[in-house]
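Hello,

Here is the structure I promised to hand over.

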Amino acid sequence: MEIRIFETCRQACQAAALVMGAQIVSKPDSILGLATGSTPIPAYQELIRLYQEGIVDFSRVRSFNLDEYVGIPEDHPCSYHRFMRDELFDHVNILKENTHVPSGLSRDLEGDALAYDAAIEAAGGLDIQLLGIGRNGHIGFNEPADVFTPQCHVVELTESTIDANKRFFDSADDVPRRAVSLGVGTIMKAATVLLIATGEDKAEAVRLSVKGEITPRVPASILKAHRHVLFFLDQAAASRL
Ligand code: PGA
């Protein structure tokens, strides 16, 4: 596990974008695992800048997102399909058909989730998985639980996650109760995992993940067992290490 501590959130995100950009420069047909949430937005802004300056070319990149809410339309302002278009895809030359976000609307959510894993496998696996971390230590929507779930699956969101994400919705009641998420097995199979954590409210989850035992009660703790994992933190998120 490599831990880099940056003074500011923006620096941590810019460094993360450089790692993602270098991945694409060194392998133009990279398979990216992408994340949503507030944390990666500055990293996506920096990647867009690298694209605009002609440094990074997304034309052969394929991407698979971590998760999606169940039951909201793809063009809903809070859907992760929409987030990815707004924050990254519409601003770079990635081909729409090369971008993938789990379906939260399928009649066969579990079947489609397994097909999503199979599509990642068929593409050759993830070269790099970008992650944020929940205040409860979740990665993707792998919530604290008694066991780790390896495969892509349907998740019941915890109250902590609903509370954290209600800021994007009109009220907590509007936050979907379920989501589809890549499992920790697929995340762990990525060649590189790059986790960004910024802000004081992530400090305890970071501490438990880095210093605590590996336990499904803190899903990000499993990353300690990954052969190439980078934690890019700002000082606030690193304040309890
Ligand atoms: P955030 O979410 O970036 O909006 O804090 C991160 C996560 O829940 O994984």
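Before the notes on aromatic rings, the rule: rings of Phe, Tyr and Trp (its six-membered ring) pair if their centres lie within 6.5 Å, and planes under 30 degrees apart count as stacked, over 60 as edge-to-face and the rest as tilted. By this rule the count comes to seven aromatic pairs.

One of them is formed by Phe 64 and Tyr 116, an edge-to-face pair with 5.7 Å centre to centre and 75 degrees between the planes. Phe 64 belongs to strand 3 (residues 62-65) and Tyr 116 to helix 4 (residues 109-123), so the pair ties together parts that are 52 residues apart in sequence. Phe 64 is buried, at 2% relative accessible area, and Tyr 116 is buried too, at 9%. Here buried means under 20% relative accessible area, exposed over 50%, and partly exposed in between (1.4 Å probe, protein chains only).

Tyr 69 and Tyr 80 have ring centres 4.9 Å apart and planes at 40 degrees, so this pair is tilted. The pair links distant parts of the chain, 11 residues apart: Tyr 69 is in strand 4 (residues 67-69) and Tyr 80 in helix 3 (residues 80-87). Tyr 69 is buried, with a relative accessible area of 1%, and Tyr 80 counts as buried at 9%. Together with Phe 141 and Phe 169, Tyr 69 and Tyr 80 form one aromatic cluster.

A word on the source: this is a predicted model, in which local features need pLDDT of at least 70 and side-chain atom pairs count only at pLDDT 80 or more, while totals for chains, interfaces and linings use all residues. Residues are numbered from 1 along each chain as its sequence is written, and side-chain values use heavy atoms, with hydrogens and water left out.

Now the whole protein. It has seven helices and 10 strands, which are DSSP runs numbered from the N terminus (helices H or I, at least four residues; strands E, at least two). The radius of gyration is 16 Å, close to the 18 Å that the globule rule gives for 241 residues, so the protein is as compact as a globular protein of that length. That radius is taken over C-alpha atoms, and the rule is 2.2 Å times the number of residues to the power 0.38. Buried residues make up 54% of the 241 residues. Of the contacts (heavy atoms within 4.5 Å) between residues at least 6 apart in sequence, 80% join residues at least 24 apart.

Best wishes
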